[in-house]
Amino acid sequence: MNNNIATWFELPVTDIARAKAFYREVLAAEFKDEAMDHFQMAIFSAEDGAVSGMLVLGDGYQPSQTGAVVYFNGGADLSAPLDRAVSQGGSVLVPKTPIHDGDCGYFALFLDSEGNRVGLYSPA
């Protein structure tokens, strides 16, 4: 068992192809497509043992600006993925913001193509 407090996440989508294209561009993400019962899923590729998750389309999954927030690794400079999010139809909710004057890194929040509030984190 790994020591990560979080082990999986699911981001609701209304258009799985659009959401995959968005995250491919913003995060350079790759996906494995799956289907189960009446659910369409796109699983984020990740290294063995890393926390990952999926985009999911199906009953009971509704994008939201007010639910839990997933924070993705924003790389060395949060402005790059934020710019890509905007170019792909998203919008910036909170620009790159220092945490404790930058001593604890930086965060930003954006709306994705589906209307989910999503976070980015960078240590510098």
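Before I go on, a word on what we're looking at. This is a predicted model, where local features need pLDDT of at least 70 and side-chain atom pairs count only at pLDDT 80 or more, while totals for chains, interfaces and linings use all residues. Residues are numbered from 1 along each chain as its sequence is written, and side-chain values use heavy atoms, with hydrogens and water left out.

E6 and E7 are joined by five bridges and pair in the antiparallel sense. They belong to an open sheet of four strands, ordered E5-E8-E7-E6, with mixed pairing. Which strands stand at the edges? They are E5 and E6 (91-98); each has a single partner strand, so one side of each is left without a neighbour in the sheet. From one strand to the next, the twist averages 20°. For angles like that, axes are lines fitted to C-alpha atoms, for helices over the stretch in contact, and the angles run from 0 to 180 degrees between N-to-C directions.

Moving across the sheet, E7 and E8 run antiparallel and are joined by six bridges. Phe107 stands opposite Tyr121 in E8. The hairpin of E7 and E8 has five residues between the strands, and there Gly115 takes a positive phi near 100°.

Then we get to E5 and E8 (residues 117-122), which run parallel with three bridges. Tyr121 turns up again here, as the bridge partner in E8 of Asn73. Packed on this sheet is helix H2 (residues 79-87), touching E6, E7 (106-111) and E8, and its direction makes about 175° with that of E6. Contact, by the way, means heavy atoms within 4.5 Å.

Now the other sheet. It's also open, with four strands in the order E1-E4-E3-E2 and mixed pairing. Its edge strands are E1 and E2, each pairing on one side only. Here the twist averages 25° from one strand to the next. In this sheet E3 and E4 run antiparallel, joined by four bridges, and Ile43 stands opposite Met54 in E4. Helix H1 (residues 16-27) lies across E1, E2, E3 and E4, and runs at about 10° to E3.

On to the pocket. How much space lies in the largest one? About 380 Å³. A pocket here is worked out on a 1 Å grid over the protein atoms alone: it's an open set of points where a 1.4 Å probe fits, with protein on both sides within 12 Å along at least five of seven lines, and lining residues have an atom within 4 Å of a point. Of the 18 lining residues, Phe9, Val51, Ser52, Phe72 and Asn73 are the closest to the centre of the pocket. E1 (8-12) and E5 each supply at least two lining residues, and E5 gives the largest share, three residues. By type, the lining divides into 13 nonpolar, three polar and two charged residues. For those classes, Ala, Val, Leu, Ile, Met, Phe, Trp, Tyr, Cys and Pro count as nonpolar, Asp, Glu, Lys and Arg as charged, and the others, Gly among them, as polar. The volume is the space filled by probe spheres set on the grid points, which are joined across faces, edges and corners.

Last, a few loop residues. Asp37 is found between E2 (31-36) and E3 (39-44), and its phi is near 50°, a positive value in a residue other than glycine. Buried or exposed? Asp37 is exposed, with a relative accessible area of 70%. The cut-offs are under 20% for buried, over 50% for exposed and partly exposed in between, with a 1.4 Å probe and protein chains only. Asp101, in the loop between E6 and E7, has a positive phi of about 60° although it is not a glycine. Asp101 counts as exposed at 75% relative accessibility.

And Gln65 sits in the loop between E4 (52-57) and E5 (71-73). At 45% relative accessibility, Gln65 is partly exposed. Leaving aside neighbours within four places in sequence, Gln65 is in contact with Leu111, Gly115 and Arg117.

Technical notes
Pairing = 2+ DSSP bridges.
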